[in-house]
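I opened a notebook page for a structure I had not seen before. My plan was to look up a few things and write each one down.

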Amino acid sequence: MNRLSNKVNGKGKRGAQVMGSKATLCRLVTSDEQSFDVLCGARGKLVQVNERLLSDPDLCRTSQGSDGWLAIVLPNLTVYDGLISALTPASQYEQMWRKQYSPSRPRPVTGTLKVHNTGGQL
């Protein structure tokens, strides 16, 4: 399914693609041809896709907290509180990240990223 063809309108987000928690949002491919499928992570409606990644895919690596977002998924309100409570607090996540990827350990993804539009998916 082509994530770029997602056209949403109105308060009810009519036309949005419904995503399962294990649905692939996109595939990231490094310059050394390693590929990584990025899963949605939560069931909800795909509201917006960051089309800037097509022209500047390295944003997802260099601007993770701002311009490098992949997509906006609106979860069902009945499961929203459960999703929020399952999130790792930012301070704890940063601590885990630093421990996992300290300067002495190699980073998992190297090189420049490309967003692959294989099979019509962003």
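**Entry 1: confidence.** What pLDDT does the protein chain average? I noted first that this is a predicted model. The chain averages a pLDDT of 75. I also found that 72% of the residues score at least 70. Then I looked at residues 116-122, where the pLDDT is below 50. In the model this stretch has 24 contacts beyond near neighbours in sequence. I keep a caution here: where pLDDT is low, the predicted coordinates should not be read in detail.

**Entry 2: strands β2 and β3.** I turned to β2 next. Six of its seven residues are buried, so the rest of the structure largely encloses β2. β2 and β3 run antiparallel, and five bridges join them.

**Entry 3: salt bridges.** How many salt bridges does the structure hold? I count three. The background is simple: side chains of opposite charge can pair when their charged atoms come close.

**Entry 4: Asp-37 and Arg-27.** I found the side chains of Asp-37 and Arg-27 meeting in a salt bridge at 2.7 Å, N to O. Asp-37 sits in strand β3 (residues 35-39) and Arg-27 in strand β2 (residues 24-30), so this pair ties together parts that are ten residues apart in sequence. Asp-37 is partly exposed at 43%, and Arg-27 is partly exposed at 29%.

**Entry 5: Asp-67 and Arg-52.** In this salt bridge the closest N and O atoms are 3.7 Å apart. Why does the pair tie together parts that are 15 residues apart in sequence? Asp-67 lies in the loop between α2 (59-62) and β5 (71-75), while Arg-52 lies in helix α1 (residues 52-55), so the link joins those two parts. Asp-67 is partly exposed, with a relative accessible area of 35%. Arg-52 is partly exposed as well, at 46%.

**Entry 6: Glu-94 and Arg-98.** I noted a salt bridge between these side chains at 3.7 Å, N to O. Both residues are in helix α4 (residues 90-100). They are four residues apart, which means about one helical turn separates them. Is Arg-98 buried or exposed? Arg-98 is exposed, with a relative accessible area of 55%. Glu-94 is partly exposed, at 41%.

Note on methods:
Residues are numbered from 1 along each chain as its sequence is written. This is a predicted model: local features need pLDDT of at least 70, side-chain atom pairs count only at pLDDT 80 or more; totals for chains, interfaces and linings use all residues. Side-chain values use heavy atoms; hydrogens and water are left out. A salt bridge is a side-chain nitrogen of Lys or Arg within 4 Å of a carboxyl oxygen of Asp or Glu. Buried means under 20% relative accessible area, exposed over 50%, partly exposed in between (1.4 Å probe, protein chains only). pLDDT is the predictor's confidence in each residue, from 0 to 100. Contact means heavy atoms within 4.5 Å. Two strands pair if DSSP finds at least two bridges between them.
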